Amino acid sequence: MTGRGPRGERGEQAERIVATARRAFATRGYAATSLRSVAQEAGVDPGLVNYYFRTKAGLLDEVMQPPEAFGAAVAAAAEQPMDRRGHAFVQAALDLWEDPVSAETLRAIILTAAQEPAALQRLRQLFSELVLAVVSHNVPDTERDLRASLISTQIVGMVMNRYIWRIGTMATLPAPSVIDLIAPTVQHYLTGTLPLSPGDDSRGPG
């Protein structure tokens, strides 16, 4: 928590404000949510919202912070042996999304970013710093961005279908089955031969 004030009761109030704003931004949208309405729904004085977060943009920045476990989970997966890293990345994603507390925060971040350009920019920054850079750890420089981006298509696609849209068989498969199905593809994107190297246009336009 980056808000001002000592811990204890005031810290709990700040956390309640963030939780309320997170739900409001995800359901009503950032533009349609006022600081006063957040204060009212959180059961706090409106002045406290300004005290902790100063502005609506400051509150949005706090709402867009991922769960504390997020960065640690991705970093731990990146430290696994290269031949097991694909499995570890998928496992880490599922562990985060199968946890109700983490899932609520992550879902709100995605839904808010879908409606608000500033939130989307923040999500891109976080994803680049916390995911792509870590995923590409120990990957050759010339292929780093491409391989990390390919991995993200699998992880993000799985998350959207299973936890956000909740459509298709992916939404109901047991977690171990999801890992068995997706991890080999993620592993291939990490270590397999790619059909087209970055910057290689020898095949010409499709």
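**Exercise 1.** Work out whether F25 and Y30 are buried or exposed, and how their rings are arranged.

*Solution.* Start with burial: F25 is buried, and Y30 is too (buried is under 20% relative accessible area, exposed over 50%, partly exposed in between, with a 1.4 Å probe and protein chains only). This is a predicted model, where local features need pLDDT of at least 70, side-chain atom pairs count only at pLDDT 80 or more, and totals for chains, interfaces and linings use all residues. Residues are numbered from 1 along each chain as its sequence is written, and side-chain values use heavy atoms, leaving out hydrogens and water.

Next, the rings. There are four aromatic pairs in the structure (ring centres of Phe, Tyr or Trp, the last by its six-membered ring, within 6.5 Å; planes under 30 degrees apart are stacked, over 60 edge-to-face, the rest tilted). The F25 and Y30 centres are 5.1 Å apart with planes at 70 degrees, so this pair is edge-to-face.

**Exercise 2.** Find out how W97 and Y163 pair up, and which helices they lie in.

*Solution.* First, the geometry: W97 and Y163 are stacked, with 5.2 Å centre to centre and 20 degrees between the planes. Then place them: W97 is in helix α6 (residues 85-98) and Y163 in helix α9 (residues 144-164), so the pair ties together parts 66 residues apart in sequence. Helices here are DSSP runs (H or I, at least four residues), numbered from the N terminus. Finally, both W97 and Y163 are buried.

**Exercise 3.** Name the residues of the aromatic cluster.

*Solution.* Look for Y51, Y52 and F53: they form one aromatic cluster.

How values were computed:
Helix = DSSP H or I, 4+ residues; strand = E, 2+ residues; numbered from the N terminus.
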